[in-house]
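Good morning, everyone, and thank you for making the time.

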Amino acid sequence: MASDDTSSSSGGFDFEEIRKLLEQMGLGTGDMDFNQLLEQVARMQASGSPGFAMTNADKDPDAAWRTTMTAAQQLTQGKGPDRHMEPSERALLVDSERLAQSWLSGHTAFPETGLPPAGIQREEWLQRTSKGWRALVEPIIDGLADALQRGASAEAMPELGALSAMLGPMMRSSASLMYRDRLKKVLAEVAGTTLTGTEVGINLMDDTPVLILTGNVSAFTEELELPESDVLLYLLVREAARQRLFHSVGWLSPQLNALLAHFAREISIDFEAISASFDPSQMENFSLEDMVEVGEKVRGSFFKPASTPTQLEILDRLELLLALIEGWVDHVTARATGQWMTNASQLSEVVRRRRASGGPSQEVFNQLLGLDLRPRLVRDAENLWASIEHERGAQRDAVWEHPDLLPTSEDLKDPLAFGKRDASAQGHDDLDAELRKILGEDS
C-alpha cells in the first residue's frame, strides 16, 4: 500500500491515526511506504523492542501463565483474612473426613481415593489448581487469539492492505492480554469464595485429595445459625462424593476439557463492535490500559462469544454434564447424611441458596465462557438420579460407565421414564449374559 493511501479511512480505522500510534510506539514512519514500514516492524520484532513486548511474550507461554497466576494470587491477598488451620482443627478435619467417607461408602459404588484431607489457604488452592486451570482456559485463549488475528487478516479486512501483516500478530497478543487480565480477576474472586477443592464443579488437580479452604469455610459458617462442626462435616461429604466421582470416572475430566477445546475452535469475534470502540481522535495516546478498556467495552462479543449453532450446542452439553455432576453429588449427599444428621435438610437448602445466588461455579463459567448455569437443571438432575436408584438400586452409578449412557436434556424433563427405561435395558443385559452362559459363549 502506497503512502498516499494512508490518509484514507475505512471500517473504523484511520491509517493516519495508526501511523501516529506507531510513532508513539517508537516506529518513526517518515515518508516511507508501508512495505518499508513492515520491514522495520519485522526488525524491531526480531530485536525484542519494548514496543512489541506483548508480541514477544507469546514466545514464552510458560512465563505468561506464571505471570497470570502470580497476579491472581496477589489479588487474593485483598480478599480479607486467610488463616492457617490450627492443630485442633486439623484433628477435627481428619476425624470428620473419615466419618464422611464411611457414610458415603454405603451409598455409592465409587471407592474413596485414600488420600488424606487437608485444610489449605487460598493461594495454595490456586497453586494446586494452576495446571488444571491452564489446561482448561488456554484453548479458549488460543481460540480468541486466532479469531482476532483472523479478523485482522488481509482476507477479512482488505482495506488494511499490507498493514494486516503487522496488526494480525498484535491483535492476537491483545486477545491474550485481555483474556488473561479478566482471568486473573476471576480466579482471585473464586479463590476468595470457594469452600472446597472442587466446588467449582470440575476437577483441576492431578491427585484428588479432599480439600477445605479454611478461611473461606470459617467466614461462610459465621453467617449461618448452624454448628460449625456440622457445616464442616456436610461440606466434607459433598467434597468427598465429588472426588470419588472424578477419581472413578476416568473419562469425565477429559470430556469437560474436550468440550471446552471444541468450543474454543468455534469462537468468532464481532469486529464491528471492536472497531466502533476505537476513538481515532485518541489513538495518539493509546496505551495498553486503553486496550484492556476496549476489551471491557466489547465483552459481550469477546467474553461471551457463543453465537454459532455449534457453540450453543456445546454449551448446552457442557451445562448438562455439569448439572448431572452436581445433581449426583446432591443426591448422594442427601442419602449419606439423611439418617445421621438432623439438620441435613437445612444444610442442603443452604447449598441450594448459595448455588442460586451465584456460587464459584457460576462465577467461573459465566465470566470466562458466558455460560449461565441454571440451578433448576441441577434439581432436575438430582431427581433423575433418585429415579435411577429407585429402579436400579446399586446399579445407579453404572450410568457413569460411558458418556453415551448419560441422560440427555430431554431425559431431565421426565426422570421417571428414564429410570424405568434404564432398568428395562439393564434387565435385557442380564438376560443376554445368562443366554451367553447357557450357549457357552465368552462374555
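Let me begin with a term: buried means under 20% relative accessible area, exposed over 50%, and partly exposed in between, with a 1.4 Å probe and protein chains only. Thr198 counts as buried because its relative accessibility is 0%. This residue sits in the loop between helix H7 (164-193) and strand E4 (211-213), where helices (H or I, at least four residues) and strands (E, at least two) are DSSP runs numbered from the N terminus. Leaving aside residues up to four places away in sequence, Thr198 touches Asn203, Met205, Glu239, Arg242 and Gln243, a contact being heavy atoms within 4.5 Å.

Please keep in mind that this is a predicted model, in which local features need pLDDT of at least 70 and side-chain atom pairs count only at pLDDT 80 or more, while totals for chains, interfaces and linings use all residues. Residues are numbered from 1 along each chain as its sequence is written, and side-chain values use heavy atoms, with hydrogens and water left out.

Now to the largest nonpolar core, which has 94 residues; such a core is a set of buried Ala, Val, Leu, Ile, Met, Phe, Trp, Tyr and Cys residues joined through side-chain atoms within 4.5 Å. Its largest share, 13 residues, comes from H14. Leu318, one of those with the most contacts inside the core, touches Leu256, Leu259, Leu260, Phe365, Leu369 and Leu371, again without residues up to four places away in sequence.
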